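Let's take a friendly walk through a protein model, one part at a time. Keep the picture open beside you as you read.

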Amino acid sequence: MTQTLTRRRFVQLTAAATALFAAGGKAQLWYAPSLTYPAVKVANLAQVKTGQPISFSYPDASAPAILVKLGRPAIGGVGKDRDIVAFSALCTHMGCPVQYEKGRFICRCHYSMFDPAKAGQTYQGLASSWLPQIPLRVDGKGDIYAVAVAGLIWGRVKNV
């Protein structure tokens, strides 16, 4: 016996499938284990100079990153002027290294450019995702710590 799929039945099934998918997605996120990032000392406020990037690895030795004092306030910036930020040093297009030059991150492989003051937003080139930003914390002695990664580091299924 063959049943005809009416427009009404199609809409009902689609709505039900969407509701189940949405509920399943939320339940899956609720049960997902929380990520635990290490707190890693990167530098001290006294060491950081405007426009001079500091290279480090985070959250592990195979994940290059860059800390930079921009000289202007930035989204997620720390320090007195809220201008110290850190990002993954791997381009989100194909994983090439990025470099900090003239107030921006540049990927020399395919000329993607990212704005560190705007949370690593891509504004030119082939990269379609922003650079993963590394949230920072400053303690009472002026030590700067990397404490997490906001976004997925290129080439990884998970950051930690």
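Which residue stands opposite Val40 in strand 10? The residue opposite Val40 is Ala146. Keep that pair in mind as we look at the sheet around it.

What you see is a predicted model. Its mean pLDDT is 88, and 85% of the residues reach 70 or more. Residues 25-33 are another story, with a pLDDT below 50. Beyond near neighbours in sequence, this stretch has 0 contacts in the model.

Another bridge pair here is Lys41 with Tyr145 of strand 10.

The open sheet has the strand order 1-10-9, with antiparallel pairing. Strand 1 (40-44) and strand 9 (136-138) stand at the edges with a single partner strand each, so one side of each has no neighbour in the sheet. From one strand to the next, the twist averages 30°. In general, the strands of a sheet pair through backbone hydrogen bonds, either parallel or antiparallel.

Strands 9 and 10 form a hairpin with 4 residues between them. In the turn, look for Gly142, which has a positive phi of about 90°.

Which way do the side chains of strand 10 point? Asp143 and Tyr145 point one way, while Ile144 and Ala146 point the other way. All four are buried.

A second open sheet has 4 strands in the order 5-6-7-8, with antiparallel pairing. Its edge strands are strand 5 (98-101) and strand 8 (121-124), each of which pairs on one side only. Neighbouring strands in this sheet are turned by 35° against each other on average, direction ignored. Between strand 7 and strand 8, which run antiparallel, there are 3 bridges. One place to look is Met113, which stands opposite Gln124 in strand 8.

Is Asp115 buried or exposed? Its relative accessible area is 15%, and because buried means under 20%, Asp115 counts as buried. The side chain of Asp115 reaches the backbone nitrogen of Ala117 at 2.9 Å. Leaving aside neighbours within four places in sequence, Asp115 is in contact with Arg72, Gly120, Gln121 and Tyr123.

With Arg72, Asp115 also forms a salt bridge, the closest N and O atoms being 3.5 Å apart. Asp115 lies in strand 7 (residues 113-115) and Arg72 in the loop between strand 3 and strand 4 (84-88), so the pair ties together parts that are 43 residues apart in sequence. Arg72 itself is partly exposed, at 32% relative accessibility.

How many salt bridges does the structure hold? There are 5. One of them joins the side chains of Arg156 and Asp60 at 2.8 Å, N to O. This pair links distant parts of the chain: Arg156 is in the segment after strand 10, and Asp60 is in the loop between strand 2 (54-57) and strand 3 (64-69), 96 residues apart. Asp60 is partly exposed, at 31% relative accessibility.

Another salt bridge brings together Arg108 and Glu101 at 2.5 Å, N to O. Both partners are partly exposed, Arg108 at 40% relative accessibility and Glu101 with a relative accessible area of 27%.

## Gln133, buried in a loop

Our last stop is Gln133, in the loop between strand 8 and strand 9. At 10% relative accessibility, Gln133 counts as buried. A polar atom of the Gln133 side chain lies 3.1 Å from the backbone oxygen of Ile75. Leaving aside neighbours within four places in sequence, the contacts of Gln133 include Ile75, Gly76, Val85, Phe87 and Ala148.

Terms used
Residues are numbered from 1 along each chain as its sequence is written. This is a predicted model: local features need pLDDT of at least 70, side-chain atom pairs count only at pLDDT 80 or more; totals for chains, interfaces and linings use all residues. Side-chain values use heavy atoms; hydrogens and water are left out. Two strands pair if DSSP finds at least two bridges between them. Helices (H or I, at least four residues) and strands (E, at least two) are DSSP runs, numbered from the N terminus. Axes are lines fitted to C-alpha atoms, for helices over the stretch in contact, and angles run from 0 to 180 degrees between N-to-C directions. pLDDT is the predictor's confidence in each residue, from 0 to 100. Contact means heavy atoms within 4.5 Å. A salt bridge is a side-chain nitrogen of Lys or Arg within 4 Å of a carboxyl oxygen of Asp or Glu. Buried means under 20% relative accessible area, exposed over 50%, partly exposed in between (1.4 Å probe, protein chains only). A polar contact is a pair of N or O atoms within 3.5 Å; within protein, one must be able to donate a hydrogen and the other to accept it, and residues adjacent in sequence count only if both atoms are side-chain atoms.
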